[in-house]
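Me: Hi! I'm new to this structure, could you walk me through it?
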Amino acid sequence: MNLGELSEFLYQKPLLALTIVAILVSVLAGMLTVRYPRLSHGLRNTAYLGLTAALLLTIASLAGNARRSDAALWLDQVRPAAVEGAQTVLPLRTDGHFWVEAQLNGEPVTFLIDTGATYTGISQSAAKRAGIVPDEGDQGVMLDTANGTIVARMATASSLRFGSIEATALPVAIGPDSEVETNVIGMNLLSQLGSWRVENNQLILVPKPKAAS
């Protein structure tokens with residue numbers, strides 16, 4: 001491999017190039033320690049920074065490729081809903097699902113959009129934060145979840161908002177914290193929309209047009 005081919009190879013592998021440069025700078029710093037201690041110290045710190053940057057970028061690259069890894073999920077935090085015209089657009093996350101941070105009775109709550117769920121479901125702790133209590137006379141309802149069948153209490157949320165989407169007086173199912181790991185937005189909200197679809201790894205939600213006054 002000649003110098004030109006080596007340069008082209010390293011150009012295509014920037015993380016490798018950064019690592020090699022950092023190592024060479026570290027070696028140079030060691031050679032200059034006796035005669036130029038201050039310069040050696042500065043070069044050594046620069047090399048450490050380069051190696052640290054290369055390590056972090058490598059981890060980020062691996063996590064981005066491993067779509068279901070814990071690191072990928074940590075790096076890919078829930079993003080706010082984007083509003084394009086009247087539409088609300090949610091990007092697909094690395095776990096293969098659509099998530100959104102919504103305002104439940106004015107309180108921020110993270111939800112999974114679950115088209116297989118009949119009701120919008122929340123945990124007891126989320127209900128407490130949002131000031132939601134079971135409806136008077138509610139006897140509970142059996143719901144099938146990813147963790148099995150649970151007994152949930154039905155309640156009514158005054159409002160649930162995200163992006164251009166707003167639902168009021170929305171029935172929600174409250175499940176025990178020990179059995180509800182994820183708050184979900186179900187079909188009882190999605191069915192109130194004008195339409196919804198998945199397109200180019202994005203969930204596009206379109207509210208119903210407001211009735212003319």
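Here is a short chat about the chain and some of its strands.

Reply: Happy to! This is a predicted model, where local features need pLDDT of at least 70, side-chain atom pairs count only at pLDDT 80 or more, and totals for chains, interfaces and linings use all residues. Residues are numbered from 1 along each chain as its sequence is written, and side-chain values use heavy atoms, leaving out hydrogens and water.

Me: How many helices and strands does the protein chain have?
Reply: There are six helices and 11 strands. These are DSSP runs, numbered from the N terminus: helices are H or I with at least four residues, strands are E with at least two.

Me: Which strands pair with S7?
Reply: S7 (residues 148-162) pairs with S3 (residues 99-104) in the antiparallel sense over two bridges.

Me: What about the hairpin of S7 and S8?
Reply: Two residues lie between the strands, and Gly 163 takes a positive phi near 55°.

Me: New topic: what share of the residues is buried?
Reply: Buried residues make up 31% of the 213 in the protein chain, where buried means under 20% relative accessible area with a 1.4 Å probe, protein chains only.

Definitions and conventions:
Two strands pair if DSSP finds at least two bridges between them. Buried means under 20% relative accessible area, exposed over 50%, partly exposed in between (1.4 Å probe, protein chains only).
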